[in-house]
Amino acid sequence: AQLLESEERYKALIDLGTEVGEAVVMLQDQGGIEALQTFVSATAQPDDRESPAHKAIREIIAGQATILREQLLAEHAHALSEAMRTQDCPAITRIHGELSRNGFWQAAKIAIDQLDIVKRAEAKAWAQGWCEDAKARALAASGYPDALNFQKAGISVKEYTAMTDINNYF
């Protein structure tokens, strides 16, 4: 049923694109979800941009983009919740790198809410301890007061940033 619905949407875009002008449709595969990402009306005249066909195409694209964002946010939030539950710093870092700062904040908020009170307290204590330990090691490796040397301490700056963000969200 979903495949037929997807094929119907794709066909509607092609049909409507021919009414409006040439169309370029780009698909992006993220997390196994193929979604309509961008539609550019390459040859549409300015008057055609307000036509019912062009408006319908924009509505389809906006709807698909909203669905994709919600699905990706839910997937990342679930993965982040699991990573916090299992205290998996590399997974948190990977998720942090895949999302914008705002996207990570949204996923973290959902993920933290998904943890029960005991797991939330454990994850909070772990994140706080991880950050304090990393900062102390980087400070000791530096040799200068108030200067951190993550590289010399063997700490990834990406991991430190991701874990600091998680710690701040608690």
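A: Start with burial: W130 and Y160 are both buried, where buried means under 20% relative accessible area, exposed over 50% and partly exposed in between, with a 1.4 Å probe and protein chains only. This is a predicted model, in which local features need pLDDT of at least 70, side-chain atom pairs count only at pLDDT 80 or more, and totals for chains, interfaces and linings use all residues. Residues are numbered from 1 along each chain as its sequence is written, and side-chain values use heavy atoms, without hydrogens and water.

Q: How many aromatic pairs are there?

A: Rings of Phe, Tyr and Trp (its six-membered ring) pair if their centres lie within 6.5 Å; planes under 30 degrees apart are stacked, over 60 edge-to-face, the rest tilted. The count by this rule is three. F104 and Y169 have ring centres 6.0 Å apart and planes at 45°, so they are tilted. F104 is buried at 1% relative accessible area, whereas Y169 is partly exposed at 24%. W130 and Y160, with centres 6.5 Å apart and planes at 35°, also form a tilted pair.

Q: Which residues form one aromatic cluster?

A: W130, F150 and Y160.

Q: How is helix packing read?

A: Two packed helices are described by the angle between their axes and the distance between the axes. Axes are lines fitted to C-alpha atoms, for helices over the stretch in contact, with angles from 0 to 180 degrees between N-to-C directions. Helices (DSSP runs of H or I, at least four residues) are numbered from the N terminus. Here the axes of α3 (residues 89-98) and α7 (residues 157-169) come within 9 Å and cross at roughly 90°.

Notes. Helix = DSSP H or I, 4+ residues; strand = E, 2+ residues; numbered from the N terminus.
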